[in-house]
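User: I am new to this structure and would like to learn how to read its features. Could we go through them one at a time?

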Amino acid sequence: MRRPGELVALGHLNGLTQTMDGAELTALLAATRCTFEADLCIWSDSFSSVQMAEFTQQHGHAPTSAENYDLWLQFLDALKMREGRRSLFRWVPSHVHPSLAEDSYEA
C-alpha cells in the first residue's frame, strides 16, 4: 500500500498537443490507478476535471464530445478496476490567500 505523500507518477505527457486539461487528467488518471486495494480520495485544483470525474463515475461513461476522450476512457477502466472501493474526487481551490481558507486543509 502506498504511503501519504509518496510519488505516484512522473514523466512527460503523451501526444502531440500538450494542454493544461490533458495534464490535469493525466494526473487524475495516475492517482486513480495508484491503488486498487484501498478507498481513495483525490484532491485536485482542476474544477472541470473533478466535475467530469464525478460525472463519469456516476453515469458509467464519459461524453464522446469530451476533450481528451481517450484518457477519459482509460479513467473509466481504472474506476472499473477499483470496483468495491470508494473513489472520491474533491475540488480544492488554488491560489487562495490563507486568510480566505474555509478550513485548515485549504490554508
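Analyst: Let us begin with a general idea: a pocket is an open set of grid points with protein on both sides within 12 Å along at least five of seven lines. The model considered here is predicted.

User: What volume does the largest pocket have?

Analyst: The volume of the largest pocket is about 520 Å³.

User: Which residues lie nearest the centre of the largest pocket?

Analyst: Of the 27 residues that line the pocket, Leu13, Gly22, Ala23, Thr26 and Ala27 lie nearest its centre. Two or more lining residues are given by each of helix H1 (20-33), strand S1 (40-44) and helix H3 (69-81). H1 supplies the largest share, with 10 residues.

User: How do the residues of that lining divide?

Analyst: The lining holds 13 nonpolar, 11 polar and three charged residues.

User: How are H1 and H3 arranged relative to each other, roughly parallel or roughly perpendicular?

Analyst: In general, angles under 35 degrees count as roughly parallel. Here the axes of H1 and H3 cross at roughly 15° and come within 9 Å. The two helices, H1 and H3, are therefore roughly parallel to each other. The crossing in which H1 passes H3 is left-handed.

User: Which residues of H1 and H3 meet?

Analyst: On the H1 side they are Gly22, Leu25, Thr26, Leu28, Leu29, Thr32 and Arg33, and these meet Leu71, Trp72, Gln74, Phe75, Ala78 and Leu79 in H3. This contact of H1 with H3 comprises eight nonpolar residues, four polar and one charged.

Methods. Residues are numbered from 1 along each chain as its sequence is written. This is a predicted model: local features need pLDDT of at least 70, side-chain atom pairs count only at pLDDT 80 or more; totals for chains, interfaces and linings use all residues. Side-chain values use heavy atoms; hydrogens and water are left out. On a 1 Å grid over the protein atoms alone, a cavity is a set of points where a 1.4 Å probe fits but cannot get out, and a pocket is an open set with protein on both sides within 12 Å along at least five of seven lines; lining residues have an atom within 4 Å of a point. Grid points are joined across faces, edges and corners, and a volume is the space filled by probe spheres set on the points. Helices (H or I, at least four residues) and strands (E, at least two) are DSSP runs, numbered from the N terminus. Ala, Val, Leu, Ile, Met, Phe, Trp, Tyr, Cys and Pro count as nonpolar, Asp, Glu, Lys and Arg as charged, and the others, Gly among them, as polar. Axes are lines fitted to C-alpha atoms, for helices over the stretch in contact, and angles run from 0 to 180 degrees between N-to-C directions. Angles under 35 degrees count as roughly parallel, over 145 as roughly antiparallel, 65 to 115 as roughly perpendicular and the rest as oblique. A crossing is left-handed if the near helix is turned anticlockwise from the far one by less than a right angle, and right-handed if clockwise. Contact means heavy atoms within 4.5 Å.
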